[in-house]
Amino acid sequence: MMVNFEKQAARMGTDIRYGLATKVDFSVRPFKVEIDEEKWIEADSVIISTGASAKWLGLESEQRLNGFGVSACAVCDGFFFRGKEVAIVGAGDTAAEEALYLSKLCTTVHMVVRRDQMRASKVMQDRVLNAPNIKVYWNSVTDEILGANKVEAVRLLNTATQEKTEIPVSGFFVAIGHEPNSGIFKEFIDMDETGYIQTIPGTSKTNVEGVFAAGDVQDKNYRQAVTAAGSGCMAALDAERYLTAKGLA
Ligand SMILES: Cc1cc2nc3c(=O)[nH]c(=O)nc-3n(C[C@H](O)[C@H](O)[C@H](O)COP(=O)(O)OP(=O)(O)OC[C@H]3O[C@@H](n4cnc5c(N)ncnc54)[C@H](O)[C@@H]3O)c2cc1C
């Protein structure tokens, strides 16, 4: 599907180039974007759509089994584990929300919490602790995700007792947060305390006229392909209107 999207964009005249934006200068016009730390390109308008990367635990097994039972999105992949047992790591509001979502699909949700308390709000904690099929493992970390070609079990380490427990699961969800890929824009673009780009509500406009933001890099709430695509369409329209108004189109 994405290959077809790319073909359609090219057919409509999009000049597609590959490279990593490594620096920007939004203090000059046209704006400047450094590519692969070696060359600068200029643009009258820029749409930032660099996404947000899920944070991972850093285990080799987590990487190896990613897409084979390991996922960072319960709302996206939970359905594949309907009627099965799963584990989820995390203790914030998102982890609590995802655990509750999974509890409606799965037989048992094993929730792994690093400390003896959760970071999630009181109301979310109460909902998790009252769910009959969510089992919370306090003071616990993931020692290893087990399985050759797909997730078969998870081995937990209780850091208080040093005891290891193996739990058979089919799915393993990591819900320890996301990191917006916005570092290179920090000097110029307004962001919230966690690095998500702030746009003027109802638009894709940033604090710099002519620079727009779309997708997960400016949305910590929904983070879905369809919402990202919708905001991408908003940004394209905003950029086109900006260029037309400035006589640059
Ligand atoms: C495991 C998983 C499953 C998912 N399943 C679903 C699903 O079933 N349905 C759904 O709706 N959503 C799903 N999502 C969410 C969906 O993938 C995202 O919401 C969506 O991809 C966000 O689009 P985006 O364009 O904002 O960012 P991304 O898709 O992350 O794209 C950002 C792009 O920018 C590039 N980039 C980053 N920094 C730079 C830079 N400095 N220079 C150049 N390029 C850069 C990245 O390499 C990437 O290609 C899932 C997410 C995960 C993690």
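## Around the ligand

Let's start with the ligand: helix 3 (74–77) and helix 6 (225–245) each give two or more residues to the shell around the ligand. Helix 6 makes the largest contribution to this shell, with three residues. Please keep in mind that this is a predicted model.

The shell holds 17 residues, and those that come nearest the ligand are Ala-21, Cys-76, Asp-216, Gln-224 and Ala-225. By class, seven residues of the shell are nonpolar, seven are polar and three are charged. Both domains take part: domain 1 (2–53 + 179–245) and domain 2 (56–174) each provide at least three residues of the shell around the ligand.

## Polar contacts and burial

Backbone atoms of three residues are worth a look here. A polar backbone atom of Ala-21 sits 2.8 Å from a nitrogen atom of the ligand. On the oxygen side, Arg-223 places a backbone N or O atom 3.1 Å from an oxygen atom of the ligand, and Gln-224 has a backbone N or O atom 3.2 Å from an oxygen atom of the ligand. The ligand taken alone exposes 1,000 Å², and the protein buries 55% of that.

## The largest pocket

Next come the pockets. The largest pocket contains about 1,600 Å³ of space. Its lining is made of 33 residues, with Thr-14, Asp-15, Ile-16, Ile-47 and Ser-49 closest to the centre.

Several elements each supply at least two residues of this lining: helix 1 (2–11), strand 1 (21–25), strand 2 (31–35), strand 3 (39–43), strand 4 (46–48) and helix 6. The lining of the largest pocket divides into 21 nonpolar, seven polar and five charged residues.

## The second largest pocket

The second largest pocket has about 490 Å³ of space. Of its 26 lining residues, Glu-98, His-178, Tyr-222, Arg-223 and Gln-224 are nearest the centre. Strand 5 (52–54), strand 6 (70–71), helix 3, helix 4 (93–103) and helix 6 are the elements that contribute two or more residues to the lining of this pocket. Helix 4 has the largest share, at four residues.

In the lining of the second largest pocket, 13 residues are nonpolar, seven are polar and six are charged. Domain 1 (2–53 + 179–245) and domain 2 (56–174) each bring at least three residues to this lining.

## Names that return

How values were computed
Residues are numbered from 1 along each chain as its sequence is written. This is a predicted model: local features need pLDDT of at least 70, side-chain atom pairs count only at pLDDT 80 or more; totals for chains, interfaces and linings use all residues. Side-chain values use heavy atoms; hydrogens and water are left out. A residue is near a molecule or strand if one of its heavy atoms lies within 4 Å of it. A polar contact is a pair of N or O atoms within 3.5 Å; within protein, one must be able to donate a hydrogen and the other to accept it, and residues adjacent in sequence count only if both atoms are side-chain atoms. Accessible areas come from the Shrake-Rupley method with a 1.4 Å probe; for residues, only the protein chains shown count as cover. Ala, Val, Leu, Ile, Met, Phe, Trp, Tyr, Cys and Pro count as nonpolar, Asp, Glu, Lys and Arg as charged, and the others, Gly among them, as polar. Domain bounds come from an automatic or database domain assignment. On a 1 Å grid over the protein atoms alone, a cavity is a set of points where a 1.4 Å probe fits but cannot get out, and a pocket is an open set with protein on both sides within 12 Å along at least five of seven lines; lining residues have an atom within 4 Å of a point. Grid points are joined across faces, edges and corners, and a volume is the space filled by probe spheres set on the points.
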